[in-house]
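User: I would like to go through this model step by step. Please show it, and then I will ask about parts of it.

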Amino acid sequence: MPMKSSHKDALRDIVGADHFTDAQEECLCYAYDATRAQYLPEAVVFPGTTQEVADVLRLADTHRIPVVPRGAGSGFSGGALPVAGGLVMAMNRFNRIRSIDTDNLVAEVEPAVVTAHLQAAVEKKGLFYPPDPASYTFSTIGGNIAENSGGMRAVKYGVTRDYVRGLEVVLPSGEVIHTGSACAKDVVGYDLTTLFVGSEGTLGVVTLATLRLLPLPEAKQTLTAAFGSMAAAARTVSDVIGRGIVPTTLEFLDAPSLQAVERYAPVGLPAEAQAFLLIEVDGDADCIAGPMERVRRVCTENGALQIRLAREKDEQEELWRARRAVSPALRSISPYKMNEDIVVPRSRIPEIIDSIQKTARRYDLPIVSFGHAGDGNIHVNVMGGTRGEADVPKMERAVDDIFQATVKLGGRISGEHGIGLAKQPYIGLNLDAPTLALSRQLKRTLDPHNILNPGKIFPQETDSASSF
Ligand SMILES: Cc1cc2nc3c(=O)[nH]c(=O)nc-3n(C[C@H](O)[C@H](O)[C@H](O)COP(=O)(O)OP(=O)(O)OC[C@H]3O[C@@H](n4cnc5c(N)ncnc54)[C@H](O)[C@@H]3O)c2cc1C
């Protein structure tokens with residue numbers, strides 16, 4: 001049901017007329033995310049306080065108006081899309097770092113703070129906030145928490161969940177709760193903080209986060225190695241980890257990624273290169289040379305065709321160029337792209353890569369894989385072939401096969417992008433019926449009228465805001 005004008009008036013009263021819009025051209029800016037799908041909201045509110053968030057949600061709950069919280073809209077699974085219409089709650093005004101506590105290594109941060117801004121602010125004080133999704137220069141802490149985002153440094157430092165100590169959350173009823181604390185240890189009651197991390201904006205709106213920080217590592221070194229086969233690169237990954245070296249990042253690019261990069265922005269790889277590893281080690285300045293030398297030795301033993309080592313920042317940036325060029329380079333293959341982020345136990349990487357390559361041949365489609373070899377999280381891009389849009393059904397079948405193969409190897413259909421809208425038909429591949437039923441029950445308990453981000457995670461919620 002469309003929102004009534006009386007509801008819009010009530011929303012203007014709560015947030016102020018300047019912080020509400022139902023102008024179509026403005027709503028359009030909040031209709032998309034990185035999936036490129038579009039759903040137009042009926043209005044957008046920009047609350048400025050926790051009380052305003054609570055009042056908006058109470059009103060929405062009373063009148064059964066769908067509400068979708070939104071950070072930067074960079075999500076890859078459709079989480080911020082208002083699929084059931086209603087309201088987008090843009091958190092832009094919650095953009096302050098409230099405190100950085102150097103004694104207790106915690107920061108109090110509002111959800112619209114951009115990840116890179118938090119990182120820069122804590123680094124000025126000699127501290128470190130490790131989660132680093134590749135979108136860190138524009139994605140927000142609220143979005144990172146809602147998606148439990150990972151990144152390149154997850155191999156050594158873990159993901160967003162590992163840095164959230166406590167949360168202020170507004171429930172769909174408008175009630176405000178506080179989970180966790182700034183303390184390093186805390187076992188008071190259930191671990192509700194973890195419940196909200198990764199809940200994809202479906203259980204509550206995060207209005208404040210207490211985040212754990214680390215001391216800033218003194219130094220880092222970066223190495224790249226090109227290999228003549230994916231098997232040699234995969235063996236190198238296992239050997240590096242097997243010898244007790246924990247790199248900060250361990251990224252890989254497969255042969256189609258390398259070809260795309262060389263066409264788009266040549267980085268001078270040997271012509272016979274079929275796989276590429278980018279490995280970074282960080283820590284105390286006098287302690288990192290040893291592990292890096294061991295990494296170099298492992299690469300040589302596995303027959304690396306080319307090894308480059310960078311100690312200085314500029315040289316390191318140069319080595320990162322190939323990794324960063326992959327995403328834009330993919331557009332030169334085809335505008336049609338299905339971007340999945342499967343994860344398998346690290347030791348199964350060679351098998352899943354083999355299976356992906358067979359899928360590419362079976363459907364005669366370009367499939368490009370790259371990503372976080374160190375934690376088994378692979379970005380698989382199923383690209384359109386020569387028939388353009390007509391290839392889409394074939395691409396969907398290829399994605400289906402890749403998910404099936406992932407699950408057979410003990411993997412999960414998403415390592416960091418979430419289920420959202422894009423992967424909900426597949427959730428049953430990973431969650432059995434009782435686990436799904438309990439998850440649904442949790443959603444119903446916290447959001448009995450299904451007003452908060454309806455149509456996400458669970459397939460049957462897609463039709464309308466009120467149908468469960
Ligand atoms: C180029 C590119 C690279 C990327 N690289 C990575 C990567 O390396 N690793 C990775 O994990 N992801 C990556 N992503 C995906 C995306 O950036 C992350 O999921 C990010 O955390 C989303 O943040 P956002 O602020 O854009 O959130 P949005 O897209 O606005 O929202 C994402 C979800 O969070 C919810 N949400 C937002 N704010 C709140 C809040 N305050 N309270 C409750 N729910 C909220 C929304 O409802 C939605 O469900 C990438 C995306 C792009 C475009």
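User: How far does a backbone N or O atom of Ala72 lie from an oxygen atom of the ligand?

Analyst: This is a predicted model, in which local features need pLDDT of at least 70 and side-chain atom pairs count only at pLDDT 80 or more, while totals for chains, interfaces and linings use all residues. Residues are numbered from 1 along each chain as its sequence is written, and side-chain values use heavy atoms, with hydrogens and water left out. A polar contact is a pair of N or O atoms within 3.5 Å; within protein, one must be able to donate a hydrogen and the other to accept it, and residues adjacent in sequence count only if both atoms are side-chain atoms. For Ala72, the distance from its backbone N or O atom to a ligand oxygen is 2.9 Å.

User: Which residue has a polar side-chain atom 2.8 Å from an oxygen atom of the ligand?

Analyst: Gly79 places a polar backbone atom 3.2 Å from a ligand oxygen. The side-chain atom at 2.8 Å from a ligand oxygen belongs to Asn144.

User: What is the order of the strands in the open sheet of four strands?

Analyst: Strands (E, at least two residues) and helices (H or I, at least four) are DSSP runs, numbered from the N terminus. Two strands pair if DSSP finds at least two bridges between them. The pairing in this open sheet is mixed, and the order is S1-S2-S4-S3.

User: Why is one side of S1 and of S3 left without a neighbour in the sheet?

Analyst: Strand S1 (20-21) and strand S3 (67-70) each have a single partner strand.

User: How many disulfides does the structure hold?

Analyst: A disulfide is a covalent bond between the sulfur atoms of two cysteines. Here a disulfide is counted when a pair of cysteine sulfur atoms lies within 2.5 Å. The sulfur closest to that of Cys29 is in Cys27, at 8.8 Å, which is too far for a bond. The number of disulfides is zero.

User: Is Leu436 buried or exposed?

Analyst: Leu436 sits in helix H15 (residues 433-446). Buried means under 20% relative accessible area, exposed over 50%, and partly exposed in between (1.4 Å probe, protein chains only). With a relative accessible area of 12%, Leu436 is buried.
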